[in-house]
Amino acid sequence: MKFTVSTSVLLDELQTISGAISNNTVLPILEDFLFVIEGKILKIIASDLETFMSSIVEDIEIAEEGTIAIPSRILLETLKALPNQPLDFDIDQDTYQIKIFSSSGNYTLIGEGGEDFPEIPQPEDVAEIAIDSQVMLNAVNKTLFAVSTDELRPAMTGVNIELGEQGTTFVATDAHKLVKYRNLEVTTAEYANFIVPRKAMTLLKNMLAKEKGDVTIAYNATNAFFHLNGTDLVCRLIDARFPDYNAVIPVDNPNIININREDLAKALRRIAIYSSKSTYQVKLNVTKNKLDLLAEDRDFSNEAQESLTCQYDGEDLGIAFNARFLAEVLGVLDTEEVAIELSTPSRAGVIIPSNTSENEELLMLVMPIMMNN
């Protein structure tokens, strides 16, 4: 097996798919990249058994076909340390010895037989939809941060995707915050609902940020298949039922704050410094055209208070939130103004950006916390 490829081209493709490799794998071969040359194409695959990612390497000279599993860590570190230049790979298929020749020297390492690498699941009995990569990237960016890391609640450790005639909805929640993003232009004739794991969504985000065009999504009861240009991502779907998120979204919110998003986010970050490190509680006292933010840490006698101007329609109200959660939600948005809809101190606050595309709907929710007396 012989081929020649530039350092930068190979490193770029490997970094795109390297996130699929697990640091705590039970199978040593899953610490490797699988290199497969058939005809004039080099395909590289990475996996942790639950997620597979592959990429086609272009701008390559191929002398001999073959298959080899190459240790990922040492290969990546080598490529990062080398200046951009052509590299010659000479691989012995019997001993799995890999020789890399550069302009200044040569490097030898031992790989493994490619036949032992797990096979990528193939799309069978799938439905498909094509979405513009930037539309998909926007949906991922708006929801991924709210995904739970609690493995005891598997349904919440991914993004719930609902496809249908009325549009496509992406929902994520960790029980403290919730995001619901809907695109009305992306539609399918048949309804479908599946949960894509957090890791796969993170890899998809990196993949979408790198490439432009339409991403094709194929899905069945067990797997989702994402294809964009020469890169593929396959993941096992979460086999669980997503919570009824509509039941926790308050529908009657008579108290509405309209405020500059960036001003509020910066104030929250400052206030959080003085809050209790166990709750990060910040109290919002809102009256007509004025929002007071208060935080304290009684254990260290720390406290802080700031006031912001706002437009407020409703009765005087006091409510407390985790400052970090609220600032995190505001940080994902990109509009100048936001509306915060409130009802009572014990019900969730709904955050809606001031202006979105006519084909989009975005709602974010933050649960309140019990106020200290």
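Colleague: Two strands pair if DSSP finds at least two bridges between them. How many bridges join β4 to β18 here?

Modeller: Five, and β4 (residues 51-57) and β18 (residues 231-236) run antiparallel. Within that pairing, T51 has C235 in β18 as its bridge partner. Strands (E, at least two residues) and helices (H or I, at least four) are DSSP runs, numbered from the N terminus. Keep in mind that this is a predicted model, where local features need pLDDT of at least 70 and side-chain atom pairs pLDDT 80 or more, while totals for chains, interfaces and linings use all residues. Numbering starts from 1 along each chain as its sequence is written, and side-chain values use heavy atoms, without hydrogens or water.

Colleague: What's the strand order in the sheet with β4 and β18?

Modeller: That open sheet of nine strands goes β10-β6-β2-β3-β4-β18-β17-β16-β11, with antiparallel pairing. Its edges are β10 (112-113) and β11 (127-132), each of which pairs on one side only.

Colleague: And the order in the other nine-strand sheet, with β13 and β14?

Modeller: There the order is β15-β12-β13-β14-β27-β26-β25-β19-β23, an open sheet with antiparallel pairing. The edge strands are β15 (192-197) and β23 (311-313). On average, neighbouring strands of this sheet are turned by 15° against each other, direction ignored. Six bridges hold β13 (residues 167-173) to β14 (residues 177-183), and T168 has N183 as its bridge partner in β14.

Colleague: Which strands of that sheet does α3 touch?

Modeller: β12 (158-164), β13, β14 and β27 (360-366), and the direction of α3 makes about 165° with that of β14. Axes are lines fitted to C-alpha atoms, for helices over the stretch in contact (heavy atoms within 4.5 Å), and angles run from 0 to 180 degrees between N-to-C directions. Helix α6 packs on the sheet as well, against β14, β25, β26 (349-353) and β27.

Colleague: Where else does α3 lie?

Modeller: Across β11, β16 (214-219) and β17 (223-228), at about 90° to β11. The sheet with β4 also has α4 packed on it, touching β4, β16, β17 and β18, with about 170° between the directions of α4 and β18.

Colleague: Switching topic: how many salt bridges are there?

Modeller: The whole structure has 13, counting a Lys or Arg side-chain nitrogen within 4 Å of an Asp or Glu carboxyl oxygen. One of them is D12 with K210, at 3.3 Å, N to O. D12 sits in helix α1 (residues 7-17) and K210 in helix α4 (residues 198-210), so this pair ties together parts 198 residues apart in sequence.

Colleague: What about D334, which lysine does that one meet?

Modeller: K142, with the closest N and O atoms 4.0 Å apart. D334 is in the loop between α6 (323-332) and β25 (337-342), and K142 is in helix α3 (residues 133-143), 192 residues away.

Colleague: Is K142 buried or exposed?

Modeller: K142 is buried at 9% relative accessibility, whereas D334 is exposed at 61%. Buried means under 20% relative accessible area, exposed over 50%, partly exposed in between (1.4 Å probe, protein chains only).

Colleague: Last one: which residues touch the most other members of the largest nonpolar core?

Modeller: F3, F33, F35, M136, F226 and I351, in a core of 101 residues. Such a core is a set of buried Ala, Val, Leu, Ile, Met, Phe, Trp, Tyr and Cys joined through side-chain atoms within 4.5 Å. Beyond its neighbours within four places in sequence, M136 contacts I131, I161, F170, L204, L208, V215, I217 and F226.
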